[in-house]
Amino acid sequence: MFAGTRRRIVSIWFPRLATDRALRACPVEGPFALVQRLGSAETIFCLNAAAEAAGLSRGMRMADARSFCPGLVSRPARPDLDARFLAGLRRWAERYCPWVGLEGQDGLVLDVTGAAHLWGGEGPMCADIRARLERAGITAQLGRGDSRGAAWARAHFGDPAAEADLLALPVTALRLDPDTVTGLQRLGLRRIGDLAASPRAPLARRFGPDLLTRLDQALGHSPEPVTPATEPPRFATRMTLPEPIGLESDVMAGLTRLLEPLCAKLSAHQAGARQLLLTLRRVDQASQQVELRLAAPMRDPARILPLFARGLAGVDAGFGIDQLRLEATRVEPLAPAQLGTTPAASPDRLADLLTRLGTRIGLENIHRFLPAESHIPERSFLIAPAAFSAAQGGFHSPRPRPLRLFPPEPIMATGPTPPARFRWRAMPLSTARATGPERITPEWWLDDDSWRHGLRDYWRVDTAEGRRLWLFFTPQNPGWFVQGEFA
């Protein structure tokens, strides 16, 4: 990487990462532990120094821990928050060098080759790291070395105040699995120096190639790169104005200039904005936000710009707006569009219509029907938000279904065949033609109060008065009901 420069690695280990994160948010005096449930028992996931001084350790059952330390304060463990906290520490560590990667779930690795001289050397740089982390209330142990394995070994098992002799460290410092460590200790190979002086062929036959790979990585004979974590792209643009503006047309003009680079960045990442946030800062340092939720991913400035008109109409510019910031707060993948000479496709026009309606009544209030696998009339379809679901076909039934479906309404009739005359909704009706029956049995694996009468025999009844109704008869509990009406 740097010609003539020896590679140098710094490893940072956070032995109490989880508890340090929790105590920063809500400090606790005395013994403290984070608890996770394994099976039917609660065990200690991480603990602070006071809890360790009381004789507690990781993996201990909480019932035993309470007996050792009655004053122990505990909270549920949150590995997701710990991962976010470690990611924040990784971004902070980039102030020392640009090549920073994650080391497991509780550590960082820094390739400081060619960067330590900016801090006066490795010693002052590591001292600055320790001091800043200590002021932040974060426990950390640092290790340095010519390889990633050597730095990790010194951070976990070496003297924090000095660069310990790598060969004098235990074989556990080679990042081996517990069974391999136990087997080496039984052979009397307790330190890395003992392992390095032993014949390699018998070790490879007995413990496999991973043992020698870890040894060579620690000694610097085998390369082990440091891969920095990549930051997700941030889709945001900002414009600071030399003179305040207050007219809606001026804001729309500025928004046009913000949309073009934002959509270009979205196109470069083959993504589309699903939710946009426009922040308008006034000269009095107050700000207003206009949120636009789109019915489909978009990255076309000409389509997005008119959709902001309704939100900008209610903005109070005060004494003027001097800064505009546009951010795509929610982004979804969007494949490149097919070029052609035809006008905009109907799905795009439908998405624009849904967006305009959604700005008035909310996208969640615009629904569409989707087919469902059920022979029960009430369950043969689903109602889903149109903006968050795709249109589907497949509405097929072996028998005709009514255009309107409503809860069953009882009518006065007897016998298993449709009555010649009956009253429905205070209207006297007479049967002109009846088609059926179509027997539908309830789905026994689902509990539905409306189907507790058992199976149903459905009839399509054409009345002399012009009504075309959907009636059913319940043989198990005799009765007639009207449930739908055909066109």
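The legends below describe close-up views of a predicted model. Local features need pLDDT of at least 70 and side-chain atom pairs count only at pLDDT 80 or more, while totals for chains, interfaces and linings use all residues. Residues are numbered from 1 along each chain as its sequence is written, and side-chain values use heavy atoms, with hydrogens and water left out.

View 1. Helix 5 covers residues 122–135; helices (H or I, at least four residues) and strands (E, at least two) are DSSP runs, numbered from the N terminus. The 14 residues of helix 5 reach 20 Å from the first C-alpha to the last, close to the 20 Å expected at 1.5 Å a residue; the expected span is 1.5 Å times one less than the number of residues. Glu 122, Met 125, Cys 126, Ile 129 and Leu 133 are the buried residues of helix 5. They lie on the same side of helix 5, because they cover an arc of only 95 degrees around the axis, the arc being that of the directions from the helix axis to the C-beta atoms. Buried means under 20% relative accessible area, exposed over 50% and partly exposed in between (1.4 Å probe, protein chains only). Exposed Glu 134 and Arg 135 sit on the face turned away from the buried side of helix 5. The cover over the buried residues of helix 5 includes strand 1 (9–13), helix 4 (79–93) and strand 7 (141–145). Just after helix 5, Gly 137 has a positive phi of about 80 degrees.

**View 2. The largest nonpolar core.** This core has 32 residues, of which Leu 255, Leu 276, Phe 308, Leu 312 and Leu 326 touch the most other members. A nonpolar core is a set of buried Ala, Val, Leu, Ile, Met, Phe, Trp, Tyr and Cys residues joined through side-chain atoms within 4.5 Å. Helix 11 gives the most to this core, with 8 residues. Leu 255 touches Leu 278, Leu 305, Phe 308, Leu 312, Leu 324 and Leu 326, not counting residues up to four places away in sequence; contact means heavy atoms within 4.5 Å. Apart from this core lies another, of 21 residues, among them Tyr 96, Val 100, Ala 115 and Cys 126.

View 3. Strand 9 and strand 10 are joined by 8 bridges, and Arg 281 has Ser 287 in strand 10 as its bridge partner.

View 4. Arg 175, not a glycine, has a positive phi of about 60 degrees and lies in the loop between helix 6 (148–157) and helix 7 (178–186). Arg 175 is buried, at a relative accessible area of 16%. Ala 426 also has a positive phi, near 65 degrees, and is placed in the loop between strand 15 (421–424) and strand 16. With 62% relative accessibility, Ala 426 counts as exposed. The peptide bond from Gly 436 to Pro 437 is cis, with omega near 0 degrees, and Pro 437 belongs to strand 16 (residues 427–440).

Note on methods
Two strands pair if DSSP finds at least two bridges between them.
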